[in-house]
Amino acid sequence: MTSRKRSNSNKHQQAKKTTSSVAQKTAPPEEVSYSVAHAIPGRIRFRIPRLVKDSEYANKLKQVIESDSRITNVRVNPTAASIVVSYQRGVISDNQMRSHLVNVIQTAPNIVLPPQVTTKSIMRAIFDALINLIDSTRNINQARNAIVYRRFRTDIWERLLKSAKSMIKRLKSATMFILPNKRWRLPSPDGDATGTALRSA
């Protein structure tokens with residue numbers, strides 16, 4: 001009788017633990033507090049206390065808002081915990097833009113941003129692809145020499161490919177040193193592929 005009571009109480013405790021762990025997993029994300037500090041047609045300023053302590057959130061929020069083609073300017077001031085957004089009038093109503101921005105403020109913590117494309121990263125990828133192509137060609141040439149001559153042989157192609165790889169490596173180093181580290185705006189989902197530089201780092 002006592003053992004049955006114990007087993008029932010153990011089952012009841014396990015059920016409580018399972019329910020509480022499920023509740024923790026499905027709990028809604030913490031709401032970002034904000035207030036509208038000032039608003040005129042085409043411009044709105046929000047106060048968001050989280051901007052002071054969370055630079056990652058500030059960066060995400062700014063980038064997501066900037067990606068909207070209707071937005072003309074975004075200024076974040078973390079010390080004042082404020083963000084000022086200017087947008088095109090007549091394209092969207094002030095109320096619609098306000099509710100859209102409030103939604104972005106709430107969802108920005110969960111957004112995963114793609115890695116930023118820079119001039120250097122593009123050129124580095126091109127040079128690395130060329131070096132990989134040369135390495136692959138050298139491997140094929142070495143395999144062909146091994147089959148034909150039954151030994152490793154440094155022929156004219158091997159010398160040419162080796163010097164080409166060395167030259168491309170030097171060119172890559174010089175280019176990476178000279179190029180500015182400009183970040184580029186990726187095409188927005190609504191088809192506005194401007195491809196303009198955001199700013200120099």
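**How many residues lie between strand 1 and strand 2 in their hairpin?** There are two, and Gly-42 in that turn has a positive phi of about 90 degrees. This is a predicted model, where local features need pLDDT of at least 70 and side-chain atom pairs count only at pLDDT 80 or more, while totals for chains, interfaces and linings use all residues. Numbering starts from 1 along each chain as its sequence is written, and side-chain values use heavy atoms, with hydrogens and water left out.

View 1. Look for Val-36 opposite Phe-46 of strand 2, and for Ala-39 with its bridge partner Ile-44. Strands here are DSSP runs of E with at least two residues, helices are runs of H or I with at least four, and both are numbered from the N terminus. Two strands count as paired if DSSP finds at least two bridges between them.

View 2. Four strands make an open, antiparallel sheet in the order 1-2-4-3. Strand 1 (35–40) and strand 3 (71–77) are the edges, each pairing on one side only. On average, neighbouring strands are turned by 15 degrees against each other, direction ignored. Helix 3 (residues 55–66) packs on the sheet, touching strand 3 and strand 4 (82–87), and its direction makes about 170 degrees with that of strand 3. Helix 4 (residues 94–107) packs there too, touching strands 1, 2, 3 and 4, at about 30 degrees to the direction of strand 2. Angles run from 0 to 180 degrees between N-to-C directions, with axes fitted to C-alpha atoms, for helices over the stretch in contact; contact means heavy atoms within 4.5 Å.

**View 3. Where helix 3 meets helix 4.** Their axes come within 10 Å and cross at roughly 145 degrees. From helix 3, Tyr-57, Leu-61, Val-64 and Ile-65 meet Leu-101, Val-104 and Ile-105 of helix 4. By class, that's seven nonpolar residues, no polar and no charged ones (Ala, Val, Leu, Ile, Met, Phe, Trp, Tyr, Cys and Pro count as nonpolar; Asp, Glu, Lys and Arg as charged; the others, Gly among them, as polar).

**View 4. Helix 5 and its buried residues.** Helix 5 (residues 119–149) has 31 residues. Buried (under 20% relative accessible area, 1.4 Å probe, protein chains only) along helix 5 are Thr-119, Phe-127, Ile-131, Ile-134, Arg-138, Asn-141 and Asn-145.

Terms used:
Expected span 1.5 Å × (residues − 1). Buried < 20%, exposed > 50% of the residue type's maximum accessible area, 1.4 Å probe, protein only.
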